[in-house]
Amino acid sequence: MNMRIAAACVLAVIIPALAYAGAAQKPVLDAYAAQAKAEQAGFAGFSVERGKAFFLAKHDASAETPSCTTCHTNDPTKPGQTRAGKDVAPMAVSKTQDRFTDAEKVEKWFTRNCQSVVGRACTAQEKGDFITFMASL
Amino acid sequence: MPPIDSTKASPQMRVWDIGVRVFHWSLLLAVSVAAMTGFFGSPDSFSIHLIAGVAIAYLLLFRVIWGFSGSTFARFRTFIFGPSVLIARAKDMLAGRHTRYLGHNPLGGLMVFALLGVLALILMTGTVVLGGTLKQGPLAFITSYATGGLVKEIHQALAIGLVGLIGLHLAGVAYETVLGKEKLMKAMITGDKPAVSDVPLPKPALARPIVALVLLAVISLSSIFVIASFAARPGLGVPVATVDPHYVKECGACHVAYHPSMGTAKLWEGILAHLDQHFGEDASLPEATRAALATYLAANSAEHFDTRIAHVLAKANPDDPLRFTATRFWTRMHHEIPESVFKSKPVGFKGACNACHSDAKAGLFAPQNIDIPEGAFK
């Protein structure tokens with residue numbers, strides 16, 4: 001059998017699998033998991049439920065941005081809007097497939113938004129839960 | 001010699017040819033539109049002001065040509081009078097004596113030249129203002145913002161002077177109508193006047209409409225070509241380079257990427273020094289990115305441009321020096337816009353310049369490019 005055809009068949013299977021929600025986010029999630037293990041002894045994986053609760057929670061660090069939902073709305077499958085009027089693509093991975101695939105970008109926004117909304121840096125577990133929730137939608 | 005009765009019985013004579021009459025009433029219309037939009041206009045009516053100005057320019061061009069090619073009383077030579085005649089005419093008026101001229105009387109003729117001259121000056125100064133302050137039109141490539149601002153004062157003073165001249169013109173018409181028993185208004189519509197004159201008539205001349213129209217076409221077409229080629233040149237101190245894509249990516253993520261010319265070097269420095277407290281949010285960046293943006297913004301700040309926006313926004317509000325919308329200029333320009341428009345869905349907040357200014361991203365802000373979206377008034 002022609003090796004090229006074989007390679008093409010393999011790629012044809014792998015590429016859609018990578019595009020599947022969640023798979024592309026794996027490297028970023030794995031990195032946060034490793035960090036979470038280092039941060040807390042009893043770390044037992046990320047949770048969609050905790051991620052959802054964190055996303056919807058009201059914090060009192062800032063009157064302008066009390067919650068993630070201030071800009072991202074209660075429904076992560078819908079586009080949000082910054083306080084300065086700019087549209088934000090949906091956070092749900094099913095809607096915006098390249099969400100949480102660029103580690104640098106993910107870290108930049110967690111750094112900024114955790115400070116603005118929660119008033120402190122987020123833990124690796126909070127970040128991982130958040131991404132897991134967004135990947136589940 | 002009583003001219004009053006003799007005019008009634010006299011045969012009518014064509015004094016104002018069709019060229020003079022159409023010019024007169026078209027000029028009245030164009031000047032009225034230009035004056036209304038100039039004195040009381042808003043950015044919405046600015047295009048109309050410019051169109052009226054261009055119309056006046058072509059009307060003046062026609063009138064100058066017609067002054068050498070029209071029929072007898074349209075020709076300049078029939079109403080240019082020396083100082084002694086002008087003084088004599090003024091003395092006659094003061095003494096209540098009326099000498100009947102078939103065409104323009106000496107003072108009336110002087111008024112025609114004054115009106116044409118002042119209009120020409122208004123057009124010239126207007127073109128300088130347009131070039132300097134808005135960087136539009138044929139003089140944009142050589143006119144600085146400072147020159148434009150200075151000449152704007154002259155343009156405005158001339159416009160007020162024109163209103164004064166029009167007042168005198170109307171007073172002259174009223175004087176002739178009441179004391180001279182002249183039906184001037186009617187004559188400017190029908191073109192005819194009773195063929196009676198107290199002074200010798202000028203040498204008759206035939207109108208040469210073909211010559212006039214050919215000249216008008218040649219001059220206007222060639223001037224359009226020259227004007228368009230001048231206007232196509234980039235304006236003096238106007239941003240031409242595209243905005244750095246890294247800047248747009250980083251700063252345009254949450255709000256419109258404000259054109260770098262909208263802030264002074266000092267303002268950008270202030271913004272970048274406190275990204276962690278950026279108007280109530282943390283917008284911090286990795287140091288390498290922040291430093292690259294600092295270099296770009298310092299090299300493209302307001303000081304490097306000569307646009308109106310660069311000049312007016314550079315005058316920061318000392319109480320809130322980092323916010324464009326706190327400047328006096330911004331407040332003055334937007335005071336008629338209801339607060340609800342800024343909070344509406346299509347706009348969002350006061351700093352969303354591009355919601356209404358379609359050329360905001362390029363740092364231009366032309367009055368012709370303002371369009372408040374429909375949904376903003378709901």
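Modeller: The C-alpha centres of domain 1 and domain 2 of chain B lie 46 Å apart. Domain bounds come from an automatic or database domain assignment, and here chain B is divided into domain 1 (3-231) and domain 2 (245-377). This is a predicted model, in which local features need pLDDT of at least 70, side-chain atom pairs count only at pLDDT 80 or more, and totals for chains, interfaces and linings use all residues. Residues are numbered from 1 along each chain as its sequence is written, while chains are lettered from A and ligands numbered from 1 in the order in which they are written.

Colleague: How many residues does each domain of chain B give to the contact?

Modeller: Two residues are in contact if their C-beta atoms, placed from the backbone, lie within 7 Å. Domain 1 of chain B supplies nine residues and domain 2 of chain B eight residues. The side of domain 1 that touches domain 2 has four nonpolar, four polar and one charged residues. In this classification Ala, Val, Leu, Ile, Met, Phe, Trp, Tyr, Cys and Pro count as nonpolar, Asp, Glu, Lys and Arg as charged, and the others, Gly among them, as polar.

Colleague: What is the secondary structure of chain A?

Modeller: Helices (H or I, at least four residues) and strands (E, at least two) are DSSP runs, numbered from the N terminus. Chain A has six helices and two strands, in the order α-α-α-α-β-β-α-α from the N terminus. Of its 137 residues, 26% count as buried.

Colleague: Which helix gives the largest share of the side of chain A that touches chain B?

Modeller: The contact takes 13 residues from chain A and 14 residues from chain B. Helix H5 (residues 103-118) of chain A provides the largest share of the chain A side, four residues. That side divides into one nonpolar, eight polar and four charged residues.

Terms used. Buried ≥ 20, exposed ≤ 12 C-beta atoms within 10 Å, placed from the backbone.
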